Amino acid sequence: MRRRFPALVAAVIAAMVAVLLGPGTASAATWPVIANGDSGAQVTTVQHLLNHRGYATTADGAFGPATEAKVSAFQSANGLTADGSVGPLTWPKLVATVQSGSTGNAARAAQTQLNRYGYGLAVDGDFGTASANAAKDFQSKHGLTADGIVGPNTWNALVGGSGGGGTGRAQLAAAIDANSRISLLTYHVSGVVDADSTAQANITDTKNGTTAETSNYSDVGEREVWLSTAMLNGMLKLATERGYTFLVTEIAGGDHSSNSNHYRGVAFDADNMSVGNATFVSACRAYGATEALDEGNHVHCAWQ
């Protein structure tokens, strides 16, 4: 039987909060899950907020092992499960109220979020008139009290929205699943049967908004991991921008070394490519892969 406890608990809690708080509150949007392998403004926001909370983090927009460790430390200190990912239970404790006159990293985080919606603010940590007016405009457009104060409800609407049309994890997985150039293996190359952790199952679960699963026979056993949006985006671009056809043989599943990036949800293996291994490796690196290897009978690409 599949074990979806972390994702299900978060979903149930979010639903209960929505009922209790009612419309026009922080239930207006869903707190996203930001995890190792992700990149962009959402990650930069997390990093600024970690700095605000006293967990020194480089705000480079890349969610790697260092950021994951800081998130885990923050979670442990705040009575949360230290899984290293920022989801519905971690966001409310991480965000901080920002308003006119606020300065510092929390202000930078708010400015970073507002810029996702096209406000073009200087991310200088000085939440002055321009920033407050941008917050008021955002609030008025999203059914919130337009007071310019970025509190829990506004934070929820900011980070839970798509900003300037950004593509989220579930949308990327759906696009991959629908792309005729990408085939997803429905069994394991090892021959061991574990249907819940195949490449197809990993993408289907992600498309449905849940975690992907590592194989029950792997070096780390069965675990739930969020697939990296950077990895998913790279995989999709190999088909849509390069026009390559390829078979994804493993993502989080399979049996690899105990420290494999597969088990972190940031890597995939490809076979039957329409181009040579070296060309595919080069393309993975062009799309940001930090680990791209020609393994002979397949190519391995990872976004750490």
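Two residues are said to be in contact when heavy atoms of theirs lie within 4.5 Å. On that basis, among contacts in the chain between residues at least 6 apart in sequence, 56% join residues at least 24 apart. The model under discussion is a predicted one. Its chain contains 11 helices and 7 strands, and 49% of the 304 residues count as buried.

A helix pair may be considered to begin with. Helix α2, spanning residues 41-52, and helix α5, spanning residues 105-115, have axes that come within 7 Å and cross at roughly 165°. Because angles over 145 degrees count as roughly antiparallel, α2 is roughly antiparallel to α5. The crossing of the two helices, α2 and α5, is left-handed. From α2, the residues taking part are A41, Q42, T44, T45, H48, L49, N51 and H52, and they meet N105, A106, R108, A109, T112 and Q113 of α5. Sorted by class, this contact of α2 with α5 comprises 4 nonpolar, 9 polar and 1 charged residues.

Helix α11, which covers residues 277-286, illustrates another arrangement. Within α11, the residues F280, V281, A283 and C284 are buried. These four cover an arc of only 165° around the axis, and therefore they are on the same side of α11. An α-helix has 3.6 residues a turn, so residues three or four places apart point the same way. On the other side of α11, A278 and A286 are exposed. The elements that cover the buried residues of α11 include helix α10 (229-240). Strands also contribute to this cover, among them β4 (246-250), β5 (267-271), β6 (291-294) and β7 (299-302). Just after α11, G288 takes a positive phi of about 100°.

N179 is found between α8 (169-178) and β1 (182-184). Is N179 buried or exposed? Its relative accessible area is 14%; since buried means under 20%, N179 counts as buried. Which residues is N179 in contact with, leaving aside its neighbours within four places in sequence? They are L236, A239 and T240.

Notes. Residues are numbered from 1 along each chain as its sequence is written. This is a predicted model: local features need pLDDT of at least 70, side-chain atom pairs count only at pLDDT 80 or more; totals for chains, interfaces and linings use all residues. Side-chain values use heavy atoms; hydrogens and water are left out. Axes are lines fitted to C-alpha atoms, for helices over the stretch in contact, and angles run from 0 to 180 degrees between N-to-C directions. Angles under 35 degrees count as roughly parallel, over 145 as roughly antiparallel, 65 to 115 as roughly perpendicular and the rest as oblique. A crossing is left-handed if the near helix is turned anticlockwise from the far one by less than a right angle, and right-handed if clockwise. Ala, Val, Leu, Ile, Met, Phe, Trp, Tyr, Cys and Pro count as nonpolar, Asp, Glu, Lys and Arg as charged, and the others, Gly among them, as polar. Buried means under 20% relative accessible area, exposed over 50%, partly exposed in between (1.4 Å probe, protein chains only). The arc is that of the directions from the helix axis to the C-beta atoms.
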